[in-house]
Amino acid sequence: MEPAGPCGFCPAGEAQPARYTCPRCNVPYCSLRCYRAHGTCAEDFYRDQLPNVLFAYAHALALYHGGGDDALLSDFCATLLGVSGALGAQQVFASAEEALQAAARVLEAGEHPPGPLGTRGAMREAARILMGEGPANQKGYTLAALGHLARTLGQARRQAVATEERDRLYRARKKCQFLLAWTNENEVALTPLALDCARAHRAHAVAAEEVAALTGELERLWGGPLPPAPRILIEELPG
C-alpha cells in the first residue's frame with residue numbers, strides 16, 4: 001500500500017510526509033527512527049511470513065525434484081506462489097501457526113499437486129530449515145533457501161512474457177530479499193519460530209489422526225466407505 005499523509009510517529013508539530021508504510025498494519029512513517037518507534041509490528045510481519053514461504057518452498061522443491069529443471073521453472077514458480085499466500089497474494093498472518101495452516105489449506109483443497117511430502121511433511125521441513133545446522137550456524141539453511149528462491153524467481157521473471165506475471169514475480173522476489181535481510185539480522189528469532197512450526201506440525205498430525213480414527217469408525221458401522229442408502233420407512237400403497 002502506498003503511504004499517504006503525514007508520519008504517524010513524528011513529535012507533535014514536526015510531522016514529516018510519510019515515505020513508507022508498515023507492511024503489517026499499513027501505518028505510515030517517514031524514517032528509520034519512526035520505524036523503530038513503531039515497535040515490533042513490522043518485525044513480527046516478516047517473522048510470521050517466513051514459515052508460509054518455507055512451507056511452499058519445501059513442497060515445490062520436493063514436487064519438482066529440486067527445482068533445477070529450466071523446463072519446469074514456470075510450473076515450479078506457479079506452485080510456489082499458489083501455495084504461499086505471502087508470496088503470491090500479499091497475505092498477512094498473525095502467527096506462525098496461521099501462516100502454516102493457510103498454506104496447508106491450499107494443498108488440502110486440491111488446488112495444487114500434493115507432492116511427496118504432503119501437508120505434514122512440508123510443515124516438518126519448514127521447521128527443519130529454520131533449525132539449521134545447530135547453534136553454530138542456525139540461519140544457514142534459511143538463508144540458502146531464501147537465496148535459492150530469490151534467484152529462481154528472478155530467472156522466471158526474465159523468461160515471463162506477460163507484464164502482470166512479471167510484476168507478480170518481481171514482488172515475490174522482493175519479499176524474499178526482505179526476508180533474507182530479516183533472517184540475517186534476527187538469527188536469535190529462528191529457534192522460537194522453528195518450535196512454533198514444530199508445535200503446529202504436531203497439532204495438525206493429531207487432528208489428522210482424529211479424523212482418520214473417526215472415518216474408520218464410520219466405515220466400520222457403514223460396512224464401507226459410503227453411508228448406506230436411506231431406507232423407505234413408509235411405502236405408499238398403489239392407488
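I take contact to mean heavy atoms within 4.5 Å.

**Ground rules**

I am reading a predicted model, where local features need pLDDT of at least 70, side-chain atom pairs count only at pLDDT 80 or more, and totals for chains, interfaces and linings use all residues. Residues are numbered from 1 along each chain as its sequence is written, and side-chain values use heavy atoms, with hydrogens and water left out.

**Entry: G115**

I started at G115, in the loop between α5 and α6. Helices (H or I, at least four residues) and strands (E, at least two) are DSSP runs, numbered from the N terminus. Setting aside neighbours within four places in sequence, I found G115 in contact with H59 and L63. How far apart are G115 and L63 in sequence and in space? They are 52 residues apart in sequence, yet 4.9 Å apart from C-alpha to C-alpha. G115 counts as partly exposed because its relative accessibility is 25%.

**Entry: the whole chain**

Next I stepped back. I counted 9 helices and 2 strands in the protein chain. From the N terminus, the order is β-β-α-α-α-α-α-α-α-α-α. The chain has 239 residues, and 41% of them count as buried. I also looked at contacts with a separation of 6 or more: residues 24 or more positions apart account for 59% of them. The chain exposes about 13,500 Å², of which carbon and sulfur atoms supply 56%. Accessible areas come from the Shrake-Rupley method with a 1.4 Å probe; for residues, only the protein chains shown count as cover.

**Entry: α2**

I followed α2 (41–63). It has 23 residues and reaches 34 Å from its first C-alpha to its last, close to the 33 Å expected at 1.5 Å a residue. The expected span is 1.5 Å times one less than the number of residues. Is α2 mostly covered or mostly open? α2 is mostly covered, with 19 of its 23 residues buried. Just after α2, I noted H65 with a positive phi of about 55°.

**Entry: the cores**

A nonpolar core is a set of buried Ala, Val, Leu, Ile, Met, Phe, Trp, Tyr and Cys residues joined through side-chain atoms within 4.5 Å. The largest one holds 52 residues, and L50, F55, L80, L130 and L153 have the most contacts inside it. Several helices each supply at least two residues of this core, among them α2, α3 and α9 (190–222). α2 gives the most, with 10 residues. I checked L80: not counting residues up to four places away in sequence, L80 touches A56, Y57, L87, L149 and L153. A second, separate core has 9 residues, including C7, C22, Y35 and C41.

**Entry: S84**

S84 is in the loop between α3 (73–83) and α4 (85–88). Why does S84 count as buried? S84 counts as buried because its relative accessibility is 0%. Beyond four places in sequence, S84 is in contact with N52, V53, A56 and A89. The side chains of S84 and N52 make a polar contact of 2.7 Å. By polar contact I mean a pair of N or O atoms within 3.5 Å; within protein, one must be able to donate a hydrogen and the other to accept it, and residues adjacent in sequence count only if both atoms are side-chain atoms.

**Entry: Q90**

Last, I looked at Q90, in the loop between α4 and α5. Q90 has a positive phi of about 55° although it is not a glycine. Most residues other than glycine have a negative phi. Q90 is partly exposed, with a relative accessible area of 43%.

Definitions and conventions. Buried < 20%, exposed > 50% of the residue type's maximum accessible area, 1.4 Å probe, protein only.
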